Amino acid sequence: DHPIGRGLLQPMLVPRAGALVAASDRWTPAVVLESTGTSWNETGPLAGAIEPDAEGERPGPLPLMLALERDRGGAVQRAVVAGDGDFLANAFLGNGANQDLGLRTVWWLLEGAGLVELPARLAPDLWLDLPRRRLALLGIAWLLLMPAALAAVGWRARRRLRRA
C-alpha cells in the first residue's frame with residue numbers, strides 16, 4: 001500500500017536481493033517490495049542442494065525494499081533501503097516493472113508524491129503493428145529476396161573479376 005509500489009501490477013526481477021529487517025526507533029519503516037511466500041533467506045553456502053534447512057533461516061514473504069520516514073523539526077526526511085540495487089542495472093532495468101519501481105522511488109524521495117503515479121516513458125517504436133499480409137511480404141523479402149539479390153551481386157562481381 002506504499003505510494004512507491006501502489007499500482008504496479010507486473011513482478012520485479014531482483015536478482016541477488018537480501019532480506020531486510022527494520023531495526024530503528026527513529027525511522028518509520030514501510031515495506032515497498034517483498035518476496036513471495038515460497039522464499040526464504042538462505043544463510044548457508046550456495047552450493048549443492050539449496051533448501052530451507054539451516055538455523056536462522058526465515059520463511060517468506062521477506063521485505064526486499066523499505067521506505068523510511070522521520071520527522072525532523074517539521075520537515076519529513078525520506079530514505080529507501082533495498083536489499084540489492086542490481087534491479088536498476090542496465091541488464092535488469094527492462095524486466096517486469098523494474099524501471100517503474102526505480103522511477104517511482106526517485107519521485108517519492110523527491111517528495112513528488114503527485115507524480116508517483118506517472119508511468120515510465122517508453123520508446124514510441126517498440127512495437128510494429130502491420131497486417132499479416134505485409135508481415136509475410138517483409139519476411140519473404142528479407143529471408144528470400146535479399147539473400148538472392150546479394151548472391152547475384154556476388155556472382156556478377158566474381159564473373160567480372162575472372163574476365164579482367
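## Leucine 137 and helix H2

Leucine 137 is found in helix H2. Helices are DSSP runs of H or I with at least four residues, strands are DSSP runs of E with at least two, and both are numbered from the N terminus. The structure is a predicted model, in which local features need pLDDT of at least 70 and side-chain atom pairs count only at pLDDT 80 or more, while totals for chains, interfaces and linings use all residues. Residues are numbered from 1 along each chain as its sequence is written, and side-chain values use heavy atoms, with hydrogens and water left out.

Leucine 137 counts as exposed because its relative accessibility is 54%. The terms are set by relative accessible area: buried means under 20%, exposed means over 50%, and partly exposed lies in between (1.4 Å probe, protein chains only). Leucine 135 also belongs to helix H2, but it counts as partly exposed, at 42% relative accessibility. Between leucine 137 and aspartate 100 there are 37 Å in space, C-alpha to C-alpha, and 37 residues in sequence.

## Overall form

The secondary structure consists of 2 helices and 3 strands. Along the sequence, these elements follow the pattern β-β-β-α-α.

The protein has a radius of gyration of 26 Å, whereas a compact globule of 164 residues would have one near 15 Å. This radius is taken over C-alpha atoms, and the globule rule is 2.2 Å times the number of residues to the power 0.38. Taken along the principal axes, the C-alpha atoms fill a box of roughly 90 × 45 × 35 Å. Of the 164 residues, 20% are buried.

## Surface patches

A nonpolar patch on the surface has about 1100 Å² of accessible area in total, and its members include Leu128, Leu135, Trp142, Met146 and Leu150. Accessible areas come from the Shrake-Rupley method with a 1.4 Å probe, and for residues only the protein chains shown count as cover. Patches are made of residues with over 30% relative accessible area and no salt bridge; like charges are joined within 9 Å, and nonpolar side chains (Val, Leu, Ile, Met, Phe, Trp, Tyr) within 5 Å.

A positive patch is formed by Arg156, Arg159, Arg160 and Arg163. Lys and Arg count as positive and Asp and Glu as negative, while His and the chain ends are not counted. The place of a charge is taken as NZ of Lys, CZ of Arg, CG of Asp or CD of Glu. Arginine 163 lies in helix H2, which covers residues 132-163, and it counts as exposed because its relative accessibility is 64%.

## The salt bridge

How many salt bridges does a search of the whole structure find? The search finds 1. Arginine 78 forms a salt bridge with glutamate 69, and their closest N and O atoms are 3.3 Å apart. The term requires a side-chain nitrogen of Lys or Arg within 4 Å of a carboxyl oxygen of Asp or Glu. Arginine 78 is partly exposed because its relative accessibility is 25%, and glutamate 69 is partly exposed with a relative accessible area of 29%.

Leucine 66 is placed in strand E2, residues 63-72. With a relative accessible area of 6%, leucine 66 is buried. Leucine 66 and leucine 135 are separated by 69 residues in sequence and by 47 Å in space, C-alpha to C-alpha.

Alanine 19 is found in the segment before strand E1 (28-34), and it counts as partly exposed at 33% relative accessibility. Alanine 19 and leucine 88 are 69 residues apart along the chain, with 17 Å between their C-alpha atoms.
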